[in-house]
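Dear colleague,

I am passing on a structure that I have been working through, and I would be glad if you could look it over. My notes on it come after the display.

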2 protein chains.
Amino acid sequence: MSDILLKKMFSGDRLALSRLISMVENRSGDLVALMAQVQERCGQAHRIGITGPPGAGKSTLVDRLIAQFRQAGKRVGVIAIDPSSPFTGGAVLGDRIRMQDHASDEGVFIRSLGSRGSHGGLSRATREVSKLFDAFGFEVILIETVGVGQTELDIMELVDTTLVILTPESGDTIQTMKAGILEIADIFVVNKADRDGADRMQAELTVMLEIGRTHEQAWTVPVLATQAFHNIGVRELGEALTAHFAFIRKQGVNQAKRGLLFRSEVAEILSDEIKSQVHQWLETVQFDRNHNPYLVAQQALKEAPWLLQHASSRPSTPRRKSPSRSSSAPTRKKSRKR
Amino acid sequence: MSDILLKKMFSGDRLALSRLISMVENRSGDLVALMAQVQERCGQAHRIGITGPPGAGKSTLVDRLIAQFRQAGKRVGVIAIDPSSPFTGGAVLGDRIRMQDHASDEGVFIRSLGSRGSHGGLSRATREVSKLFDAFGFEVILIETVGVGQTELDIMELVDTTLVILTPESGDTIQTMKAGILEIADIFVVNKADRDGADRMQAELTVMLEIGRTHEQAWTVPVLATQAFHNIGVRELGEALTAHFAFIRKQGVNQAKRGLLFRSEVAEILSDEIKSQVHQWLETVQFDRNHNPYLVAQQALKEAPWLLQHASSRPSTPRRKSPSRSSSAPTRKKSRKR
């Protein structure tokens with residue numbers, strides 16, 4: 001069934017795209033095989049991560065950016081990350097408001113992803129939905145998150161350009177900001193720039209960036225001022241985003257970093273897959289009274305070949321590594337040394 | 001080496017405890033074997049989770065609770081979860097202030113755990129440090145988190161009693177609170193109760209809890225008022241915490257829930273272990289140019305028996321499940337049916 005959906009999606013069927021996103025969210029079907037096909041069509045989109053503290057005006061700015069990119073003839077996919085925190089709720093609301101503005105536009109697709117229930121799988125879901133958008137043909141993918149917790153930092157690793165939005169009121173926040181935020185930002189925006197302290201904020205940020213700058217950095221992080229509500233400064237922001245994308249395209253990704261990212265992606269896919277197999281396996285197991293989860297885990301690890309065989313539903317006799325390889329299969333370093 | 005450390009820790013050596021906590025944080029050594037021994041000494045401590053929005057006065061209240069429990073002759077371990085968000089920083093500072101108050105008290109041990117760098121392993125680290133505290137002999141373990149994101153909700157699954165702290169100013173927040181927060185709280189506290197709206201807040205919460213109450217719930221969630229800064233209401237809170245612990249001890253944990261928690265704990269231990277093995281394995285692998293991480297993962301899964309053998313450093317011939325079992329080993333349901 002997923003092959004038919006994929007074919008439909010590749011031909012531009014939005015409903016098929018929507019259903020595939022749901023499969024990714026619910027982790028149903030053979031997602032590894034599915035995503036392997038999606039991957040083949042990826043690599044064209046400009047993925048932009050947008051983050052900042054609650055109240056910075058992210059939703060309004062995202063709304064303006066959508067309009068901006070649409071005017072430039074680009075199709076836009078939006079992933080709104082809803083951290084589902086009972087103390088910060090509201091992302092979904094903002095999302096709905098935007099939905100109304102762009103609901104009739106075939107060139108825009110907006111989807112919320114919630115963390116509640118996904119148990120740490122949010123960055124994987126975001127990565128996969130982003131790939132679905134890319135394969136579908138969206139030229140721009142906007143990924144909006146609230147705050148910069150670990151989940152958000154993980155997500156920012158997936159994008160080409162990271163945009164951090166602050167307001168003049170974030171001044172106190174900056175004092176307590178740790179290095180992380182300066183490191184991840186490719187572009188800073190001081191939104192609500194008509195308010196007091198905006199100029200000072202912009203100047204302070206620029207100085208902090210100058211101090212933290214290393215020789216290797218060929219990209220100078222711009223600090224822009226916007227008034228998203230009044231649609232001021234949005235054009236310049238759009239240009240800066242496009243400039244950054246052109247910059248990284250031209251420069252090419254650092255090979256070492258690329259290898260690291262690739263390894264971490266493979267690790268994440270494998271770990272998630274094995275994790276779900278472990279859960280399935282646990283369903284079939286009965287435990288003795290003497291509960292010590294670490295002893296149970298230790299025992300299961302000792303029986304690992306059996307565990308994995310069970311998980312991959314293969315015959316009960318374990319098989320050695322096959323000598324035949326597909327073009328993309330991993331090769332042990334050892335055997336490469338000859 | 002870890003065996004010597006364990007022995008020292010069991011005999012009350014705080015330095016050994018501190019070093020074992022570092023091992024758990026850094027995931028060094030054979031933690032599954034180590035924790036299996038720690039587990040055998042666990043089960044006496046009252047684990048209390050404390051959460052609420054930033055600014056609710058959690059740190060001050062934790063400080064007062066430590067003093068309260070110390071007066072009652074109980075030793076207290078504290079785990080302060082620092083979400084390391086550049087936008088919310090400050091947990092570490094609060095922690096340091098408390099450290100000064102109780103630094104000379106041998107009956108108190110405070111440790112911060114950060115999420116930055118732990119890549120989703122924060123709830124496992126918290127669980128394991130909590131077990132180390134339990135095995136060390138702390139009668140009370142306070143686990144303080146900021147906010148209620150997914151990580152915090154995961155952590156609240158580890159504790160016996162969940163305390164949610166709000167302020168009169170959280171009024172608006174409550175309107176947007178999702179069901180989650182009402183479900184996880186065993187005790188509510190309205191702190192800064194001398195401020196306007198505290199009575200109303202207390203009344204509203206009580207009504208909400210009454211409406212949401214199900215027949216199965218034998219515990220009535222109290223809504224207490226405190227002024228942590230002035231040390232008002234803290235004694236009553238301490239009594240409520242102790243009452244809840246006595247209640248769950250008497251009632252016993254629901255067997256079905258216990259089984260679920262046990263399974264999820266085994267799954268977490270196994271998944272984390274396999275995940276780190278996958279990372280080790282990836283270090284030894286060379287990839288071809290034609291990068292498709294899903295194809296690489298797919299291939300690795302097909303070769304899973306080999307992968308796991310490699311990971312567990314055992315001879316290259318796979319072994320079938322051994323017929324001999326330890327007392328705590330898992331048994332397949334199938335073979336139990338006879």
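The notes below go through confidence, the sheets and the helix packing, in that order.

This is a predicted model, in which local features need pLDDT of at least 70 and side-chain atom pairs count only at pLDDT 80 or more, while totals for chains, interfaces and linings use all residues. Residues are numbered from 1 along each chain as its sequence is written, and chains are lettered from A, and ligands numbered from 1, in the order in which they are written.

On confidence, the predictor gives the complex an ipTM of 0.73 and a pTM of 0.66. Among the elements of chain A, the lowest mean pLDDT, 40, belongs to helix α15 (residues 333-336), and the highest, 96, to β7(A); helices (H or I, at least four residues) and strands (E, at least two) are DSSP runs, numbered from the N terminus. Over residues 309-338 of chain A the pLDDT is below 50, although the model gives this stretch 42 contacts beyond near neighbours in sequence. Residues 116-120 of chain A also stay under 50 in pLDDT, and for them the model has six contacts beyond four places in sequence; two residues are in contact if their C-beta atoms, placed from the backbone, lie within 7 Å.

Turning to the sheets, chain A has an open sheet of seven strands in the order β3-β2-β4-β1-β5-β6-β7, with parallel pairing; two strands pair if DSSP finds at least two bridges between them. At its edges are β3 (108-114) and β7 (223-225) of chain A, each of which pairs on one side only. Neighbouring strands of this sheet are turned by 20° against each other on average, direction ignored; here and below, axes are lines fitted to C-alpha atoms, for helices over the stretch in contact, and angles run from 0 to 180 degrees between N-to-C directions. Within the sheet, strands β5 (residues 161-166) and β6 (residues 187-190) of chain A pair in the parallel sense over four bridges, and A:Ile165 stands opposite A:Val189 in β6(A). Helix α11 (residues 234-251) of chain A packs on the sheet, where it touches β1, β5, β6 and β7 of chain A and makes about 170° with the direction of β6(A). Helix α6 (residues 122-136) of chain A lies across β1 (46-51), β2 (76-82), β3 and β4 (140-144) of chain A, and runs at about 170° to β2(A).

In chain B, seven strands likewise form an open sheet with parallel pairing, in the order β3-β2-β4-β1-β5-β6-β7. Strand β2 (residues 76-82) of chain B pairs with β3(B) in the parallel sense over seven bridges, and B:Ile79 has B:Arg111 in β3(B) as its bridge partner. Helix α10 (residues 198-212) of chain B packs on the sheet, touching β5 (161-166), β6 (187-190) and β7 of chain B, and its direction makes about 170° with that of β7(B).

As for helix packing within chain B, the axes of helix α3 (residues 31-39) and helix α6 (residues 122-136) of chain B come within 9 Å and cross at roughly 40°. That makes α3(B) oblique to α6(B), on a scale where angles under 35 degrees count as roughly parallel, over 145 as roughly antiparallel, 65 to 115 as roughly perpendicular and the rest as oblique. In this pair, B:Met35, B:Val38 and B:Gln39 of α3(B) meet B:Glu128, B:Lys131, B:Leu132 and B:Ala135 of α6(B).

Between the chains, helix α3 (residues 31-39) of chain A and helix α13 (residues 293-302) of chain B have axes that come within 8 Å and cross at roughly 150°. That makes α3(A) roughly antiparallel to α13(B). The contact is made by A:Val32, A:Ala33, A:Met35, A:Ala36 and A:Gln39 of α3(A) with B:Tyr294, B:Leu295, B:Ala297 and B:Gln298 of α13(B). By class, this contact has seven nonpolar, two polar and no charged residues, where Ala, Val, Leu, Ile, Met, Phe, Trp, Tyr, Cys and Pro count as nonpolar, Asp, Glu, Lys and Arg as charged, and the others, Gly among them, as polar.

With best wishes

Note on methods
pLDDT = per-residue confidence, 0-100.
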